[in-house]
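Please look through the model below with these notes beside you. They are written as numbered points, so that each can be checked on its own.

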Amino acid sequence: MADESKIPPALRQRIRKALLVFSFVLLPVTFVYISCPIITEGASQGIATGGLVVFTFLFIGSLFFGRLWCGYLCPAGGLQEIYFGLNNTRFKTGWLNWLKYPVFFGIFGSIAFAIYSAGGLATVDLFYQTGNGISIDREGAYALLYGQIAFITVFALLAGKRGFCHSFCPIAVMMIAGRKIRNVVGWPALHLSADADRCVDCGRCSKACPMNLDVRGMVREGRMENTECILCASCVDACPEGAVGYAWMGR
Ligand code: SF4
Ligand code: SF4
């Protein structure tokens, strides 16, 4: 199935990568809004922080767009795609794929417990722990930021392409949960679609996939839904036969 969007393939991927890198460069500004420790800290004081609001929107977005955020806007994704120049090896450690689930339950459980211990959320402070909305306004914040960058770097360089997304990211699990809910109910959402009859088995889609998915196999089997797919369209744009595309559909 040909992709019905009018954006030329190379341009779409250039824009996608530019957005990811830009998002990473902005991290000193946006860091607080995706930091689980700061969300937990605010929650323990009964404060719904900007980060908690962002997480809520990401979850709602995943009900319609799956993990599109990971493919186009996540700063951690941007950092890891920059590292493709240093380590472009496939993510092979399959068992590590499961690590993110206990991480998710640990972190989101802590947030829920913090809210419970505080007796609920009493106030909203969108700019909690920021100076004029900017995350890095004090020395300690740099330590937290650099610590998280170093952590993501270790996974990206040791585990292979997008190693942190595969193995540790709790936000990924939150969006996988959103996607699963959508799949059970079946309302229209963004998907990959495939036309196996067009496929000539060249394997370019699998090679282009930043999540190292066997896209060629997915096309052959007609099973384009995958929890690790970030809907980045790299496979769509790499396919010379137009066998993979985006589609907006139910079920
Ligand atoms: S399967 Fe396609 S859309 Fe999904 S992550 Fe891989 S390249 Fe991106
Ligand atoms: S790039 Fe297209 S033609 Fe080649 S294997 Fe993938 S789906 Fe088939």
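How many aromatic pairs does the rule give? The count comes to 13 aromatic pairs, where rings of Phe, Tyr and Trp (its six-membered ring) pair if their centres lie within 6.5 Å.

1. This is a predicted model, in which local features need pLDDT of at least 70 and side-chain atom pairs count only at pLDDT 80 or more, while totals for chains, interfaces and linings use all residues. Residues are numbered from 1 along each chain as its sequence is written, chains are lettered from A and ligands numbered from 1 in the order in which they are written, and side-chain values use heavy atoms, with hydrogens and water left out.

2. The rings of Phe155 and Phe168 have centres 5.4 Å apart and planes at 40 degrees, so this pair is tilted; planes under 30 degrees apart count as stacked, and those over 60 as edge-to-face, with the rest tilted. The pair links distant parts of the chain, 13 residues apart, with Phe155 in helix H8 (residues 139–159) and Phe168 in the loop between helix H9 (163–167) and helix H10 (170–185). Helices (H or I, at least four residues) and strands (E, at least two) are DSSP runs, numbered from the N terminus.

3. Phe155 counts as buried because its relative accessibility is 15%, and buried means under 20% relative accessible area (1.4 Å probe, protein chains only). Strand S3 (residues 189–194) is mostly covered too, since five of its six residues are buried.

4. A further aromatic cluster is formed by Phe55, Phe104, Phe105 and Phe108.

Note on methods
Buried means under 20% relative accessible area, exposed over 50%, partly exposed in between (1.4 Å probe, protein chains only).
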